[in-house]
Amino acid sequence: MRDRITGSKALMRALQAEGVKTIFGYPGGSIMPVYDALFDYTRGEKKCFDHILVRHEQGATHAAEGYARVSGEVGVALVTSGPGVTNTLTGVADAMLDSTPIVVIAGQVAIGALGTDAFQEVDLVGVSQPITKWSYQIRHAEDVAWAVSRAFYIARTGRPGPVVLDFAKNAQVEEIDWEPSKVNFVRSYVPYPKLDAEAVRQAAELINNAKKPLALVGQGVELGNAQSELIRFLEKAGIPAGRTMLGLSALPSNHPLNVGMLGMHGNYAVNLKEQECDVLIAIGMRFSDRVTGNLKTYAKQAKVIHLDIDRSEIDKNVKTDVAVVADCKESLPAITALLHKNNHQEWRDSFKPLDRMEREKVIEPAIHPKEGPLLMGEVVNVVAEQTPDDAVLVTDVGQNQLFATRYFKYHHKRSICTSGGLGTMGYGMPAAIGATFAAPDRTVCCFMGDGGFQMCIEELGTIMEQKAPVKMIVMNNHYLGNVRQWQDMFWLRRKSFTKMMNPDYSMIAKGYGIPYLALTERKDLATAVEQMLKTDGPFILECAIKEEDNVLPMTPPGMNVDQMMLEI
């Protein structure tokens with residue numbers, strides 16, 4: 001007997017075949033047949049999905065990103081056409097720049113109405129192609145199984161990223177004989193390049209002869225699930241390692257070879273030592289401008305080894321001496337097998353005086369101030385001290401992000417969700433929602449500024465409905481703090497439209513039925529954090545922060561990476 005079903009039901013089966021368990025979405029006219037099919041798959045004996053009703057489609061994509069970052073699976077967002085899907089594009093672009101695997105499925109008008117400016121019609125494929133790994137319009141129900149399988153294959157393999165499926169309404173209601181499809185090959189798409197044994201040999205030779213090697217660890221290690229391979233590589237050769245912001249949890253904070261965070265607001269020693277090392281080993285990172293500073297002077301003294309799965313990253317920003325183009329889960333062990341045992345103790349010890357200088361001038365004043373208003377660094381530090389080792393850090397964008405990433409502690413893989421490449425304000429809260437569904441047994445702490453908190457504040461409704469246990473720490477300094485800092489430093493202190501008039505957050509919390517506490521006094525900090533962490537479900541802790549709290553160290557834009565400022 002033939003198994004005759006609609007395209008919408010075919011979508012349900014195709015998602016089920018891909019192992020999807022959670023969908024973040026918002027219904028509308030052009031996706032209504034899919035939502036009708038979804039009804040049966042979210043309840044009763046047929047239940048196989050949890051559908052999380054967000055309050056804005058941008059929130060759906062950020063939640064899908066948070067889910068993907070923490071779970072290692074593909075995040076899924078389901079939205080309608082027109083404004084529904086254009087609202088997702090910020091999240092899609094964010095996922096593209098940060099290599100986050102998500103699939104966005106959007107309704108579209110029927111193919112007979114395409115090009116007529118029909119209600120809520122938009123050329124989604126045309127709009128989204130530049131910011132996706134693949135964008136495709138499903139015009140017929142018979143293509144659903146193939147398109148979904150291909151979408152997930154492309155999103156999760158190689159260098160991960162977002163895929164958009166534009167699902168025409170006629171294809172949603174057409175009936176077909178169901179035939180499953182499994183795509184595991186796409187012509188001209190090579191997600192896992194073949195490892196070059198000669199490149200491996202050359203890389204190992206450079207490392208074995210190095211006197212001052214330095215590793216730069218990026219998110220590619222997390223994406224490749226190569227955390228243990230990284231540690232074996234570093235420990236065998238005694239190589240100190242800095243981590244990019246997105247790669248912070250690829251190496252535990254307390255590992256003896258961890259020498260801090262790279263970049264504009266990273267740690268002092270590792271940034272200066274990039275200009276002193278003789279061999280620089282970049283692992284799954286893309287030499288962002290926020291890491292390198294002035295490219296004309298960056299690490300000119302060093303031989304550069306670049307391990308990356310994406311060939312397009314090689315020589316894009318920094319000239320490479322040896323390129324190992326492969327999955328780091330494969331390339332790291334291959335190089336490790338050829339390395340000599342070493343510890344480079346003298347080289348590693350040379351970091352310590354610089355570390356002490358930063359601790360004395362920056363870290364201690366930031367996390368243990370003796371007087372004055374609350375500082376962001378001390379709030380993050382107390383939260384980090386009280387949370388379990390497997391806690392997940394989620395941040396919004398701005399000073400809250402920079403303080404949080406600097407002073408949080410990372411002990412467990414996949415412990416950080418933050419918007420790196422795109423720098424998306426509003427990312428934090430919905431990404432934290434996604435993280436709670438990806439890891440319901442882990443504590444999720446979301447740091448936000450008063451500006452970013454209001455960008456996607458409607459997602460408090462999602463948190464309320466789902467009782468999502470997001471611990472929200474709002475760092476309220478009544479400024480768009482990062483822009484204000486730059487205005488003070490580089491624009492003659494002309495604070496042009498960075499002062500914020502904020503609502504009464506206690507009333508907002510009350511309206512959503514979310515426990516809330518305002519923190520104004522240093523003496524109450526530890527107790528307030530303890531109360532937040534012990535409260536079941538969500539919690540908002542609003543912290544009254546010093547208005548002109550500045551993030552340091554800092555490499556001014558356009559300056560050399562070793563021209564970091566420890567004070568203003």
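Author: Start with a loop. Thr387 sits between α17 and β15 (392-395). Helices (H or I, at least four residues) and strands (E, at least two) are DSSP runs, numbered from the N terminus. This is a predicted model: local features need pLDDT of at least 70, side-chain atom pairs count only at pLDDT 80 or more, and totals for chains, interfaces and linings use all residues. Residues are numbered from 1 along each chain as its sequence is written, and side-chain values use heavy atoms, without hydrogens and water.

Reader: Is Thr387 buried or exposed?

Author: Buried means under 20% relative accessible area, exposed over 50%, partly exposed in between (1.4 Å probe, protein chains only). Thr387 has 9%, so it is buried.

Reader: What is Thr387 in contact with, leaving aside its neighbours within four places in sequence?

Author: Contact means heavy atoms within 4.5 Å. Thr387 then touches Phe408, Thr443, Cys445 and Leu533. Its side chain also reaches the backbone oxygen of Ala384 at 3.3 Å.

Reader: How are two packed helices described?

Author: By the angle between their axes and the distance between the axes. Axes are lines fitted to C-alpha atoms, for helices over the stretch in contact, with angles from 0 to 180 degrees between N-to-C directions. Here α17 (residues 376-386) and α18 (residues 399-407) have axes that come within 9 Å and cross at roughly 45°. Therefore α17 is oblique to α18. Angles under 35 degrees are roughly parallel, over 145 roughly antiparallel, 65 to 115 roughly perpendicular, and the rest oblique.

Reader: Which residues of α17 and α18 meet?

Author: Met376, Gly377, Val380, Asn381 and Ala384 in α17 meet Gln399, Asn400, Phe403, Ala404 and Tyr407 in α18.

How values were computed: A polar contact is a pair of N or O atoms within 3.5 Å; within protein, one must be able to donate a hydrogen and the other to accept it, and residues adjacent in sequence count only if both atoms are side-chain atoms.
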